[in-house]
Amino acid sequence: MTDKERYEKLKYERKNVCRDMPEDEKKAMLELAEDYRIFLDRGKTERECVKEAVRLAEENGFVSFDQKPSLSAGDRVYMLNRGKNIMLCVIGSEDIEAGLNIVGAHIDSPRLDLKQNPLYESDGLALFKTHYYGGIKKYQWTAIPLALHGVVYKKNGERIDICIGENDDDPVFCVTDLLPHLAKDQMTKPMTDGIEGEALNILVGGIGAKAEDVPEAVKFNILNILNISYDITEADFLSAEIEVVPAFRARNVGLDNGFIGAYGQDDRVCAYTALRSIFEIAAPKKTAVCLLVDKEEIGSVGNTGMLSRFFDMAVAELAAKLRGSCDMLTFNRIIRNSACLSSDVGAAFDPNYPSVAEKNNAAFAGGGMVLMKYTGSRGKSGASDASAEFVHEICSILDKNGVIWQTSELGKVDQGGGGTIAMYVANLNMDVIDCGVPVLSMHSPFEITAKGDIYMAYKAYLAFYNDRQ
Ligand code: MN
Ligand code: MN
């Protein structure tokens, strides 16, 4: 063996999905990407993602947990939480006390939410006030077409589902920005202050109603339109939940069509691949669980986030239906014997911004599914740091199943950082590791993922469900 050969043998070599994957898998990779694009267009909010997850789950033989008087191996059920959070399970042949194989992703994404009293008129324009949700760069939300998605409840309790801006003949909305000609002051501000939170107001109208003794004719006209179209009044907004999201659809990106560009890929890329993999599980040994949670982008808080006890309660319900009852000891054993892939996106190395990354420990778009031993920031603060034992167990499963994967951390040391649901899962006393898809332009209205990485995430979750003992 020459020195060069020996060196090649000893060193770690990064892979590239499209270069290194078997030729016969490429068709499956492209088909998955096409199905994923449809999922993205149908699910731009957590509610819509849950609805689409249920529709797909029922197509794949899942039924509501409440419909099943009893459960046995091979059964496929889903449990809902307030229409924003869902847990899907395929019951394993082993006793549930042997633990669950869980893939957990989040289905909320950064966006603008309408305030509770949103509508106002100013200088001949009607606008909606918003409060942003999650970590956004505010300037990215100006001067792009936006759509409204959400629910409004009328006085009589009737629920109205709102979706305006997605059909080609729908109007869209936007946050206006200042023309460069007059932006001398704005352009010299730090980017954090260039667009202020209270300036993220959505333009919704400009035609005044012909009306006598009405001081706000444009607002009056908008209220009339809303009343005729949806039978709602201004007071109905007070209890409504309306999200403002980019109006454009998921697209292929690049002359080689190598990428998907879309809103909300953090973390619907992992939610979709997790769903697709659990749909393919037929008779697992350990019960397979796909958990899609809300509120990750604001700290996993609230009754639909990972910190909610929904997950614990759902596991206890599952165990009770399988065994007749679930005492604390049984519950604890289930959790202790379970393992979780916290499936969330990572930052892909961006050649436009090389200085924020440390290349030896960065993820590259197209480099495969990304495994992140820890997240956090400034000395791993706020991180769930997966143990060597668990990382090794997962890596072995990935390698055995031909998954192309890479490791990374989020940026170079002290550059910033972030968290996922992993630390909250870890707190339950469960092994957990972050793994998912590298993303370019994360948290922007148009996030980019590589099709090869999407496919490898799907393969990884499937391998985990099938092979983790
Ligand atoms: Mn995420
Ligand atoms: Mn995020």
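Are E297 and H443 buried or exposed? E297 is buried, and H443 is buried too, where buried means under 20% relative accessible area, exposed over 50% and partly exposed in between (1.4 Å probe, protein chains only).

Before the close-ups, a word on the model. This is a predicted model, in which local features need pLDDT of at least 70 and side-chain atom pairs count only at pLDDT 80 or more, while totals for chains, interfaces and linings use all residues. Residues are numbered from 1 along each chain as its sequence is written, chains are lettered from A and ligands numbered from 1 in the order in which they are written, and side-chain values use heavy atoms, with hydrogens and water left out.

**View 1. The site of the manganese ion (ligand 2).** D266 (OD), E297 (OE), E297 (OE) and H443 (NE2) coordinate this ion at 2.1 to 2.6 Å. Donors are N, O and S atoms within 2.8 Å of the metal (3.2 Å for Na, K and Ca); water is not among the atoms, so sites may look incomplete. E297 lies in the loop between β13 (287-293) and α9, and H443 in the loop between β21 (438-440) and β22 (447-450), so the pair ties together parts that are 146 residues apart in sequence. Helices here are DSSP runs (H or I, at least four residues), as are strands (E, at least two), numbered from the N terminus.

**View 2. The site of the manganese ion (ligand 1).** Here the donors are H106 (NE2), D266 (OD), D344 (OD) and D344 (OD), at 2.1 to 2.6 Å. Their residues follow the sequence spacing H-x159-D-x77-D. Look for D266, which coordinates both this ion and the manganese ion (ligand 2), 3.3 Å apart. H106 and D344 are both buried.

**View 3. Helix α9 against helix α10.** Residues 310-323 (α9) and 328-336 (α10) pack at an angle of about 110°, with axes 10 Å apart. Axes are lines fitted to C-alpha atoms, for helices over the stretch in contact, and angles run from 0 to 180 degrees between N-to-C directions. The two helices are therefore roughly perpendicular (65 to 115 degrees; under 35 is roughly parallel, over 145 roughly antiparallel and the rest oblique).

**View 4. Helix α11 against helix α13.** Helix α11 (residues 388-400) and helix α13 (residues 451-467) also pack at about 110°, with their axes 9 Å apart. In α11, I394, I397, L398 and K400 meet A460, A463, F464 and D467 of α13; contact means heavy atoms within 4.5 Å.
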